[in-house]
Amino acid sequence: MVALTRRAARGALDTEATPSELRVVALGEVLRLDQGALRNLRRTVLGTGGTPINLLRPRARRLLLDALWSLLLRTRPRTAERVDREQQQREREAFDEHVGDEDSFLAFVDAWWPPLTPRRVLATLRDQRRISRLARGDLANAEARLLAASWQALDDQGRGSVTAHDVALLDELSLLLGEAARPRTREVNPVDMLTGLEEVTTFAERSRRADPRREPEERREYAHVIVDEAQDLTPMQWRMIGRRARQATWTIVGDPAQSSWIDPAEAQAAMDETLGGKPRRGYTLTTNYRNPAEIAEVAARILAQAAPGTLPPNAVRSIGVHPRFVSVAAEEQVGTAARAEVQRLLADVDGTVGIVVPMDRRAEAAEWIDGLGPRAVALGSLEAKGLEYDATVVADPSGIAGESEAGLRVLYVALTRATQRLTVLSGPLDLPDSDGVPALLQD
């Protein structure tokens with residue numbers, strides 16, 4: 001994704017709307033830069049180290065004028081080349097002022113090297129073929145197709161909804177692009193013009209005066225960073241946080257056994273790269289305060305499969321009530337059974353009851369419990385992360401386990417959300433035994 005965003009930032013300058021020719025009239029001559037010349041100029045500008053693309057716009061404008069001036073010199077008689085340097089400098093300045101301020105030239109620069117925003121660049125990746133070309137074999141066709149589909153809500157300017165994971169990509173693009181240059185303006189107070197005095201003000205006061213609704217600038221550096229649920233950060237999110245904490249100390253809290261990221265080793269490597277050589281001290285939570293021992297025992301069966309060798313934390317309390325296993329013979333009966341279990345648990349506990357299902361069954365689950373009141377909540381498996389309920393119904397456990405390569409870890413999370421009561425509801429695909437225990441949870 002780092003390579004894709006870098007290429008996308010540069011590639012956003014070259015779209016179907018990008019002009020392929022520049023024509024200007026100067027001193028009676030028609031000067032023309034064709035597509036090949038423009039391509040070479042852009043390559044020259046982009047070869048300027050790691051300068052953000054928006055900050056290269058003035059250089060792009062200057063090189064365009066240089067190229068046009070060179071064309072003009074070629075059209076002039078040789079005797080005209082023998083003018084002194086001062087005169088030639090004056091002629092060049094006049095040329096730049098004449099051509100550089102023409103509306104047609106300014107419009108060309110705006111179209112050929114437009115000010116880019118992270119969202120605008122992201123919107124260029126709605127085209128699967130463009131992603132495949134920019135990724136240069138780093139992504140499979142199926143991955144390119146999924147990425148392109150995820151950004152279809154964006155328009156050409158990048159307006160539209162994005163996901164939480166897109167924030168890290170937008171942050172990466174922000175670094176690559178830099179902020180587009182804006183003309184400097186200075187407000188003049190009529191009173192100052194009369195008195196010759198200028199009021200001494202703070203930056204905050206000047207910002208509010210310019211626009212009272214203006215949001216304060218984002219802090220870009222922190223002294224201490226706390227990361228919770230660290231096992232779910234993607235490599236790109238680690239990069240985003242790391243940019244804001246180069247000199248910081250860190251507190252990182254996470255449980256690899258609960259990671260919904262399909263490649264925990266990749267995420268761990270990204271974290272290690274972010275932290276660099278910072279000294280570390282590790283602490284292991286050995287006590288389970290949330291779940292009673294009866295629920296923790298059931299969850300430990302999945303933990304052994306999801307993260308072999310990981311010791312479960314020791315539950316400190318027992319309530320004398322074991323998890324309930326319910327199974328139905330036909331898939332069509334799951335909704336009716338789920339509603340009955342949620343109703344039963346609402347009567348058993350005073351607080352909330354969550355029903356956790358595979359992500360693609362969230363709408364179904366909401367219909368199952370419709371009308372049962374605000375204490376009943378339907379959740380997709382990934383939405384249950386970090387939450388807790390007095391009681392939970394985990395429905396279709398094999399469906400949750402089969403959602404992705406991280407499915408068993410996600411199921412482990414679902415089974416550990418309850419503080420008092422747990423019901424596991426199985427359908428025929430869960431292969432329950434005569435006691436209703438699904439195959440995944442059988443001893």
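**Entry 1**

I began with D110 and R57, which form a salt bridge whose closest N and O atoms are 2.4 Å apart. I take a salt bridge to be a side-chain nitrogen of Lys or Arg within 4 Å of a carboxyl oxygen of Asp or Glu. D110 belongs to helix α5 (residues 103-112) and R57 to helix α3 (residues 57-75), so the pair ties together parts that are 53 residues apart in sequence. Helices here are DSSP runs of H or I with at least four residues, strands are runs of E with at least two, and both are numbered from the N terminus.

I looked up the cover next: D110 is partly exposed at 38% relative accessibility, and R57 is partly exposed at 23%. The cut-offs are under 20% relative accessible area for buried, over 50% for exposed, and partly exposed in between (1.4 Å probe, protein chains only).

**Entry 1: what I am working with**

This is a predicted model, where local features need pLDDT of at least 70, side-chain atom pairs count only at pLDDT 80 or more, and totals for chains, interfaces and linings use all residues. Residues are numbered from 1 along each chain as its sequence is written, and side-chain values use heavy atoms, with hydrogens and water left out.

I checked pLDDT, the predictor's confidence in each residue from 0 to 100. The chain averages 89, and 90% of the residues score at least 70. Residues 183-188 are below 50, and this stretch has three contacts in the model beyond near neighbours in sequence. Residues 190-199 also stay under 50, with five contacts beyond four places in sequence. A contact means heavy atoms within 4.5 Å.

How many salt bridges does a search of the whole structure find? I get 24. One of them joins R32 and E21, with the closest N and O atoms 2.2 Å apart. R32 sits in strand β2 (residues 29-33) and E21 in the loop between α1 (2-11) and β1 (22-26), 11 residues apart. R32 is partly exposed at 41%, as is E21 at 31%.

I then turned to R243 and E172, whose side chains meet in a salt bridge at 3.0 Å, N to O. R243 is in the loop between α12 and β4, E172 is in helix α9 (residues 164-177), and they are 71 residues apart. Both R243 and E172 are buried. Salt bridges with shared partners join D171, E172, R220, R239, R243 and R244 into one network.

Is R244 buried or exposed? R244 counts as buried, at 10% relative accessibility. Its side chain makes a polar contact with the side chain of D171 at 2.5 Å. A polar contact is a pair of N or O atoms within 3.5 Å; within protein, one must be able to donate a hydrogen and the other to accept it, and residues adjacent in sequence count only if both atoms are side-chain atoms. The R244 side chain also reaches the backbone oxygen of M240 at 2.8 Å. Leaving aside neighbours within four places in sequence, R244 is in contact with D171, E218, R220, E221 and Y222.

N288 is in strand β5 (residues 287-288) and is buried at 10% relative accessibility. A polar atom of the N288 side chain lies 3.0 Å from the backbone nitrogen of R290. Not counting residues up to four places away in sequence, N288 touches A296, P313, N314, A315 and V316.

V316 lies in the loop between β6 (314-315) and β7 (324-327) and is partly exposed at 48%.
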